[in-house]
Amino acid sequence: MKKQKKQKTWNKDLLPIMGVILLLPFIVKLHIRNTSLGDLSWLPESMNRRADFFLYGKNVVLFVIAVIMILNIIDRILIRNEKAGNVKYLLPLCGYGIVVILSAIFSKSKDVALHGIIEQYEGMWVLLAYVIVAVYSYIVVQSEKDMECICMTMLTAGILQSVFGIVEILGGEILSTSLFRNIIVGHQYKELAGHMVFGFMGESYQRVSGTLYNSNYAGIYFAMILLLGIFLFEKWEGKKRIYAAAASVLSLVCLIGSGSKSAILCMIAVMIWRVAEALFRKQSKQVLYLLAVSAVIGCGYFIYDSAFGVHTIQRITESLDLQEKTDKLTDIRVYRDHISIIWDGETYALCMEKEGKSLYPHVFAKDGSELELVSDEKRQICWPETMEGQDIYLQCYYKDGVPYMAVFHNDIRWLFTDVVDDQYTYINIWGKPDEMISAPSVGFKGKEHWFTDRGYIWSRTIPLLKNKILIGSGPDTFMLQFPQNDYVARAAQGYGFFSEIITKPHCMYLQIAVQTGVLSLVFFLCLPIGAGIKYRRKRYRNLKKGVEKQTDHTYVEGIECLIVFYLFTGIANDSMVVLAPLYWVLLGVFVKNVKPTLDKARPVS
């Protein structure tokens with residue numbers, strides 16, 4: 001008798017997907033890049049050469065995995081003659097990919113559009129790799145066994161990542177140990193190994209970031225693992241249930257330790273949605289389970305906040321402060337022979353007089369009358385008598401033979417000289433001559449501080465969209481499009497924000513719309529929204545027919561929940577290579593498995 005062939009127990013084509021989930025988040029490698037960005041007036045010259053640890057390496061590994069996926073797809077379809085599924089569901093992905101390519105081709109910053117920029121590294125090749133990941137997941141993941149394997153891989157990755165997080169909570173840092181530092185820097189830069197510290201410091205505590213770039217993305221990652229664990233704990237039994245519970249508990253601790261406000265707010269929104277849906281379906285046990293889980297999470301936050309002083313709830317309340325804030329200094333304009341400022345609604349003209357080796361400031365009102373100045377000889381500053389005690393000061397001085405006039409307000413020094421092209425010029429904090437503009441804005445007037453200054457970024461990003469309908473400015477070019485020299489409006493948010501380089505819009509949807517066009521955003525949203533609507537509609541129909549209870553939707557529901565959570569977090573966070581590949585895996589799996597799961601439902605006989 002011939003021996004029967006051993007039945008296939010798992011799908012080996014899942015290996016590249018497992019690499020995306022299990023390997024990619026842990027890639028940390030030093031990469032030093034010559035950027036040529038330091039020539040821009042609003043950037044320091046030090047930006048000509050930048051080091052990266054958490055993004056570029058992941059970028060390279062993702063590209064390699066994407067190539068392997070392409071070869072595997074060719075093997076499956078052309079050599080093994082396996083079906084790819086209904087390709088019409090992939091049309092939005094194809095549309096998105098085509099627009100991304102066109103956006104890069106027509107971009108004015110082609111090198112950035114192709115290869116990405118510092119603090120992001122999400123150029124055309126990475127965006128196309130995302131599309132390949134989704135297509136591959138759609139083709140390869142075909143059964144509940146495959147979905148179980150993906151879920152188990154996610155839990156395993158979450159547990160491993162939580163090891164980094166727990167060590168950070170206890171005051172240590174795995175990446176800062178000599179072993180990991182030497183691996184990260186490699187032989188070429190080994191002299192730098194002893195000077196690196198990777199801890200992401202908060203106010204009075206060390207926030208969890210692991211290998212995920214910063215604590216906010218770490219918080220979102222751990223929230224996704226926690227949500228998945230909540231679903232699987234209810235479905236699984238025995239050792240697998242214990243595994244899901246362990247991953248959930250560890251992820252909860254690291255989520256709280258990350259201090260991520262957006263992660264917890266979006267998680268609350270998802271839990272409310274899930275409870276509401278369970279009520280609609282009259283699933284009382286599911287409602288009680290979700291409420292119990294929510295109570296545990298709430299208690300965890302209360303205990304952790306009390307023990308470590310993270311004060312997450314307080315920080316969320318502060319970021320949602322809806323009071324309007326205004327600053328008396330609302331505009332500065334630089335003209336050939338004077339500087340014009342608008343202070344408390346009134347316009348004043350400033351200039352400096354040279355007399356021998358001495359400099360004297362002058363301030364004139366709108367009607368041309370000169371204001372009397374009050375001097376503080378000890379501090380070598382002066383101010384208009386009518387502005388006594390209003391936190392605005394003037395100072396004139398020579399440095400290296402160059403005359404300067406400085407205006408001080410809110411710990412910010414506005415520096416001007418008249419030796420550049422024989423006219424008054426603003427010298428920014430990087431010591432470079434620069435033009436000051438008043439950028440167009442939409443909404444958030446007086447509310448620019450909302451959501452940790454996102455109100456300002458969004459209000460100045462939205463006007464950029466009018467010229468970005470079809471193809472945008474090119475992948476990863478947001479930093480080059482944003483009005484970085486809108487100095488006065490930025491200064492109103494405080495020195496920390498004023499001195500920061502805005503590299504991203506902190507909103508995935510604005511990021512996509514500006515960089516690859518509003519059309520690409522439509523394609524990006526078509527797939528999850530379309531598949532979600534189809535899933536909801538058919539499930540409600542099955543519910544009315546009485547066939548809903550005959551099918552286990554746990555895996556598909558859990559994956560849908562993670563997709564919805566990620567899309568929620570995209571309102572206040574950007575697409576980043578530390579998290580985005582996981583989303584595209586889940587999207588491909590969800591779209592592929594929505595219809596088979598629904599088709600399993602049959603009328604009760």
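This briefing walks through salt bridges, surface patches, a strand pair and a few backbone details of the structure above.

The model is predicted, so a pLDDT of at least 70 is needed for local features and 80 or more for side-chain atom pairs, while totals for chains, interfaces and linings use all residues. Residue numbers start from 1 along each chain as its sequence is written, and side-chain values use heavy atoms, with hydrogens and water left out. Helices (DSSP runs of H or I, at least four residues) and strands (runs of E, at least two) are numbered from the N terminus. Burial follows relative accessible area with a 1.4 Å probe and protein chains only: buried is under 20%, exposed is over 50%, and partly exposed is in between.

- Strands β1 (residues 31-34) and β2 (residues 49-52) run antiparallel to each other, paired over 4 bridges; pairing calls for at least two DSSP bridges between the strands.
- Arg33 has Arg50 of β2 standing opposite.
- Arg33 also makes a salt bridge with Asp111, at 3.6 Å from N to O. Because Arg33 sits in β1 and Asp111 in helix α4 (residues 110-115), this pair ties together parts that are 78 residues apart in sequence.
- The two partners can be told apart by burial: Arg33 is buried at 15% relative accessibility, whereas Asp111 is partly exposed at 48%.

**Other salt bridges**

- A search of the whole structure turns up 20 salt bridges, each being a side-chain nitrogen of Lys or Arg within 4 Å of a carboxyl oxygen of Asp or Glu.
- One of them joins Glu148 and Lys240, whose closest N and O atoms are 2.9 Å apart. This pair links distant parts of the chain, 92 residues apart: Glu148 belongs to helix α6 (residues 144-169) and Lys240 to helix α9 (residues 238-258).
- Glu148 is partly exposed, with a relative accessible area of 21%, and Lys240 is partly exposed at 30%.

- Glu277 and Arg274 form a salt bridge, with 2.8 Å between the closest N and O atoms. Both residues lie in helix α10 (residues 261-280), 3 residues apart, or about one turn of the helix.
- Glu277 is buried, with a relative accessible area of 5%, and Arg274 is buried as well, at 3%. Shared partners extend the picture: salt bridges join Arg274, Glu277, Arg281, Arg536, Glu557 and Glu560 into one network.
- Arg281 is in the loop between α10 and α11 (284-308) and is buried, at 8% relative accessible area.
- The C-alpha atoms of Arg281 and Lys544 are 9.8 Å apart, although the two residues are separated by 263 residues along the chain.

**Surface patches**

- Patches take in residues with over 30% relative accessible area and no salt bridge; like charges are joined within 9 Å, and nonpolar side chains (Val, Leu, Ile, Met, Phe, Trp, Tyr) within 5 Å.
- Helix α2 (residues 56-79) supplies the largest share of the nonpolar patch, 8 residues. Ile74 lies in this helix and is partly exposed, at 40% relative accessible area.
- Glu353, Glu355, Glu370, Glu372, Glu385 and Glu388 form a negatively charged surface patch. Asp and Glu count as negative and Lys and Arg as positive, with His and the chain ends not counted; a charge is placed at NZ of Lys, CZ of Arg, CG of Asp or CD of Glu.
- Glu372 occupies the loop between β8 (358-364) and β9 (373-376) and is exposed, at 55% relative accessibility.

- Tyr213, in the loop between β4 (206-207) and α8 (215-235), has a positive phi near 80 degrees, though it is a residue other than glycine.
- Asp421 has a positive phi of about 55 degrees and is not a glycine either. Asp421 lies in the loop between β13 (412-420) and β14 (423-427) and is exposed, with a relative accessible area of 62%.

Key
Areas by Shrake-Rupley, 256 points an atom, 1.4 Å probe, with all protein chains shown as cover.
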